[in-house]
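Please look over the sequence and the structure below. A short report follows, moving from the whole assembly to single residues.

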Amino acid sequence: MKLSQIAQSLNGEMRGNDIEISGVSNLDVQSEGTIGYAENKNTLTVMSRSPVSALILPTTIEYDGKPVISVDNPKLAFSRVLEMFSPYEPYEAKTYPNTYIATTAKLGKNVTVMPFACIMDGAVIGDDTLIYPHVFIGKNVKIGKKCVLKSGVKIDDLTEVGNNVIIHHNTVLGGDGFGYVQEGGRNLKVTQIGTISIGDHVEIGACVAIDRATVGKTEIGCGVKIDNLVQIGHNCKIGDNSILVSQVGIAGSSVLGKNCILAGQVGVADHVVMGDNVVILAQAGVEKRKIDSNSVLLGTPARDAILTRRIFSAEEKLPEIIKTLREIKEKNGNAEKK
Amino acid sequence: MKLSQIAQSLNGEMRGNDIEISGVSNLDVQSEGTIGYAENKNTLTVMSRSPVSALILPTTIEYDGKPVISVDNPKLAFSRVLEMFSPYEPYEAKTYPNTYIATTAKLGKNVTVMPFACIMDGAVIGDDTLIYPHVFIGKNVKIGKKCVLKSGVKIDDLTEVGNNVIIHHNTVLGGDGFGYVQEGGRNLKVTQIGTISIGDHVEIGACVAIDRATVGKTEIGCGVKIDNLVQIGHNCKIGDNSILVSQVGIAGSSVLGKNCILAGQVGVADHVVMGDNVVILAQAGVEKRKIDSNSVLLGTPARDAILTRRIFSAEEKLPEIIKTLREIKEKNGNAEKK
Amino acid sequence: MKLSQIAQSLNGEMRGNDIEISGVSNLDVQSEGTIGYAENKNTLTVMSRSPVSALILPTTIEYDGKPVISVDNPKLAFSRVLEMFSPYEPYEAKTYPNTYIATTAKLGKNVTVMPFACIMDGAVIGDDTLIYPHVFIGKNVKIGKKCVLKSGVKIDDLTEVGNNVIIHHNTVLGGDGFGYVQEGGRNLKVTQIGTISIGDHVEIGACVAIDRATVGKTEIGCGVKIDNLVQIGHNCKIGDNSILVSQVGIAGSSVLGKNCILAGQVGVADHVVMGDNVVILAQAGVEKRKIDSNSVLLGTPARDAILTRRIFSAEEKLPEIIKTLREIKEKNGNAEKK
């Protein structure tokens with residue numbers, strides 16, 4: 001593919017020689033003949049010294065070296081270039097043999113159902129949705145249009161999934177909420193009669209578990225992105241465009257605002273209410289019931305990240321502090337004796 | 001449904017108007033025409049101010065407002081009311097097409113096997129058990145009566161599951177224990193020939209992994225409740241009625257007593273032995289080999305919760321402590337110079 | 001089985017009576033008539049007092065009690081004895097009914113495909129590989145020889161798996177890397193066109209998620225052993241013979257050297273580069289970008305384990321430190337007043 005062709009499809013401005021581009025490079029993998037991108041001067045320094053043959057750069061950066069395509073959002077443009085060079089071929093849209101589709105299930109136009117998928121009574125599947133092998137869609141589930149459910153996804157009864165949702169392999173929507181009541185030393189199950197609602201443009205990773213509500217709905221807002229192995233308890237509400245990184249766990253009834261980011265392995269206690277744009281850094285444990293909008297938290301227990309960084313730094317001096325204190329006490333003791 | 005009907009089926013005493021009840025409410029979701037519950041004065045204050053039209057209360061609380069049903073255990077009674085209003089319809093008990101059942105497998109009366117479930121040689125399934133699609137039941141597995149195995153549950157050979165057990169989607173029983181031996185710089189697998197035994201009335205969440213023992217059995221006691229994404233290593237023993245919250249990980253050969261509670265994301269090292277009624281609070285890391293009964297632990301490393309709370313609180317003063325110490329040293333230095 | 005027979009097949013030297021051995025024992029489970037092993041004097045003390053009837057010991061230990069088999073590596077020898085007494089019977093090597101195998105897929109000799117497994121176009125499966133029920137093998141996937149893919153394993157398109165690889169139930173290889181770009185307040189997906197490569201002699205536990213690379217490959221080296229519920233992000237490289245214990249999470253583009261050990265629930269940030277033989281202790285959180293070979297780290301943030309142990313120990317004195325400081329300040333204040 002010619003660089004000029006790529007520039008054209010990105011609506012970008014090309015500078016330099018119109019070379020042939022045979023693939024892509026990024027900060028992880030670089031090779032000659034490929035195109036990469038940089039968002040700022042630091043990554044530009046790395047990429048300009050690499051064997052990469054052309055670069056996508058923001059219009060705001062001046063650069064005089066390899067051939068360049070200037071665009072407003074280089075990462076977004078690069079994602080489009082990735083699509084151009086993708087070796088993945090789409091699955092043929094057809095109904096495969098060996099499926100189980102209940103007679104009362106309603107499939108939209110152009111729905112693909114791959115082998116051993118199982119769609120139960122009353123389920124409704126929107127147009128152009130692709131259902132991989134071994135997917136289970138329970139009774140009266142509603143799936144929107146243009147969704148992709150990868151192999152082994154399990155969606156229990158009455159769950160509602162929006163449009164343009166991608167769910168990766170072996171993820172589970174609709175396990176029972178985890179609720180028990182003590183009676184005579186035994187844990188008796190509290191019946192869970194609520195459901196789950198997933199907004200549009202949501203992506204959910206592999207091996208994720210989202211529980212149905214006790215009463216009402218567990219709600220995942222539009223544009224939410226969830227990484228692998230995440231746990232979301234019953235009656236949680238995740239605000240639009242929030243990001244939950246891998247192995248995050250959120251206990252029951254907690255509410256996140258919009259555009260929140262929970263980094264890897266973060267834990268959130270039950271009944272926590274967060275505002276918008278909250279950032280919780282990796283491995284933090286949130287137990288405070290109310291988190292203000294725009295907070296940045298770190299540590300267990302999760303505290304203001306700047307304070308926690310100070311504590312982390314001070315901790316290293318703890319053994320020394322104890323030694324100093326002992327010396328002062330001894331000196332004072334000696335002084336008193338005098 | 002009339003409030004009096006509900007009171008009757010709960011064996012509770014009704015006070016106030018015999019109103020029509022159309023649904024349920026709890027602390028998460030409240031609406032008019034519904035019935036809720038409160039266990040103590042705090043939740044009663046919230047619920048009495050809510051639009052909820054009737055309340056289930058303990059006989060010990062006096063309350064004069066909305067219509068009331070008095071019972072001994074309101075949460076338990078509420079769970080029964082949830083059942084009455086459940087929108088979930090049971091799956092039809094029948095043998096579906098497209099199953100694989102080995103000829104030497106023995107199914108009890110009234111067993112339901114849904115499409116694409118797979119039951120191998122010598123497996124025994126008790127009466128009234130419900131097996132969802134894509135379940136795998138290995139050779140010589142024994143499943144008790146009235147169990148529910150949700151879609152994608154995988155039970156490897158020789159595992160024994162008791163009666164009235166619920167296992168949620170995509171959970172795995174019987175992966176090999178994680179054991180290797182070093183030889184010439186390589187990790188060679190230690191053969192794992194033990195099995196797993198699951199007691200009666202156990203509930204296991206989605207995407208849980210319980211490993212088979214190296215020798216003997218990994219044992220999950222009766223009434224144990226396990227949340228999503230929990231890891232239980234080979235040869236662990238979990239005492240009756242213990243509760244393991246989501247993302248808990250227990251390394252090999254650890255033993256929990258009865259009625260223990262491990263909160264979310266707790267980690268337990270290998271060969272730990274806990275007494276009964278131990279509570280480990282969220283994200284704690286237990287490495288001490290012996291934990292006394294009735295301990296309440298918090299933090300990494302897990303220590304007495306009261307001590308850990310004191311440490312958490314003192315930590316925040318660390319930067320200030322360092323400053324104070326510096327001042328004292330300077331002052332002492334000046335004093336000495338004088 | 002006679003003890004002498006066992007000694008012979010282990011190439012070990014027998015001492016004492018040639019008794020009949022009916023099973024195996026280890027530190028978890030001990031009974032009469034069985035054979036156990038000890039690697040050092042501590043475990044020998046335990047095992048010699050147990051009802052176990054014979055012991056496998058290293059040639060370096062002198063012991064005069066129960067009958068003994070002397071070998072170079074007792075744990076390795078014991079693993080072979082475990083095989084001898086295994087109650088597990090292999091699955092019959094044949095092609096079962098109810099499978100989906102695309103006509104362009106190429107299966108080697110003696111490949112077993114169990115019911116409801118699904119092999120898509122262009123996939124290549126090596127000789128003697130065993131594919132359990134509900135496995136999904138995507139387009140153009142390559143699986144080596146003598147592999148075992150347990151039930152529910154999902155391998156997305158273009159993934160390459162070496163020889164002698166074992167993958168436990170419900171593990172996912174090839175979910176999309178977790179990458180988004182902000183545009184107008186929304187998170188847009190960055191297309192992930194890379195793949196995954198798994199070396200020879202790798203074992204992967206249950207419910208593990210390994211993501212495909214954005215560009216290039218996510219690489220798991222030869223001899224790597226991965227426990228249950230582990231997360232490995234896009235473009236990670238795990239060096240040969242490294243061990244990842246349960247619930248470890250490694251963010252995108254991080255690189256581990258050879259023979260690293262990450263204990264349970266460890267988290268590693270993105271773009272971390274570790275040398276060889278690094279040990280990260282349980283629950284630690286690694287955020288430093290460069291970790292030297294042979295480091296042993298503990299804590300969040302992960303620091304040298306000896307330093308962290310000192311901090312853990314000093315932490316307990318924090319409340320006391322604050323008290324002492326207050327006393328000193330008061331005394332100094334009083335002294336000044338004088």
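This is a predicted model: local features need pLDDT of at least 70, side-chain atom pairs count only at pLDDT 80 or more; totals for chains, interfaces and linings use all residues.

Chain A carries five helices and 38 strands. Its C-alpha atoms fill a box of roughly 95 × 75 × 30 Å along the principal axes. The radius of gyration of chain A is 26 Å, while a compact globule of 338 residues would have one near 20 Å. Of the contacts in chain A with a separation of 6 or more, 16% join residues 24 or more positions apart. Burial in chain A reaches 60% of its 338 residues. The chain exposes about 13300 Å², and carbon and sulfur atoms supply 48% of that area.

## The nonpolar core

In soluble globular proteins, nonpolar side chains tend to be buried together. Here, the largest nonpolar core has 183 residues. Which residues have the most contacts inside it? They are L262(A), L262(B) and L262(C).

Take L262(A). Beyond four places in sequence, L262(A) touches I243(A), L244(A), V245(A), V248(A) and I250(A), together with L256(A), V268(A), M274(A) and I280(A).

## A buried serine in chain B

S151(B) sits in the loop that links β14 (148-149) to β15 (154-155) of chain B. Is S151(B) buried or exposed? Its relative accessibility is 0%, so S151(B) counts as buried.

The side chain of S151(B) reaches the backbone oxygen of P133(B) and makes a polar contact with the side chain of H134(B).

| From | To | Distance |
|---|---|---|
| S151(B) side chain | P133(B) backbone oxygen | 2.8 Å |
| S151(B) side chain | H134(B) side chain | 3.2 Å |
| D304(B) side-chain oxygen | I306(B) backbone nitrogen | within 3.1 Å |

Setting aside residues up to four places away in sequence, S151(B) touches residues of chains A and B. From chain A come F136(A) and K154(A). From chain B come Y132(B), P133(B), H134(B), V135(B), H169(B) and N170(B).

## Helix α4 of chain B

Helix α4 of chain B covers residues 305-315. At its start, a side-chain oxygen of D304(B) comes to within 3.1 Å of the backbone nitrogen of I306(B). Which residues of this helix are buried? They are A305(B), T308(B), I311(B), F312(B), A314(B) and E315(B).

Terms used:
Residues are numbered from 1 along each chain as its sequence is written. Chains are lettered from A and ligands numbered from 1 in the order in which they are written. Side-chain values use heavy atoms; hydrogens and water are left out. A nonpolar core is a set of buried Ala, Val, Leu, Ile, Met, Phe, Trp, Tyr and Cys residues joined through side-chain atoms within 4.5 Å. Buried means under 20% relative accessible area, exposed over 50%, partly exposed in between (1.4 Å probe, protein chains only). Contact means heavy atoms within 4.5 Å. Helices (H or I, at least four residues) and strands (E, at least two) are DSSP runs, numbered from the N terminus. A polar contact is a pair of N or O atoms within 3.5 Å; within protein, one must be able to donate a hydrogen and the other to accept it, and residues adjacent in sequence count only if both atoms are side-chain atoms. The radius of gyration is taken over C-alpha atoms; the globule rule is 2.2 Å times the number of residues to the power 0.38. Accessible areas come from the Shrake-Rupley method with a 1.4 Å probe; for residues, only the protein chains shown count as cover.
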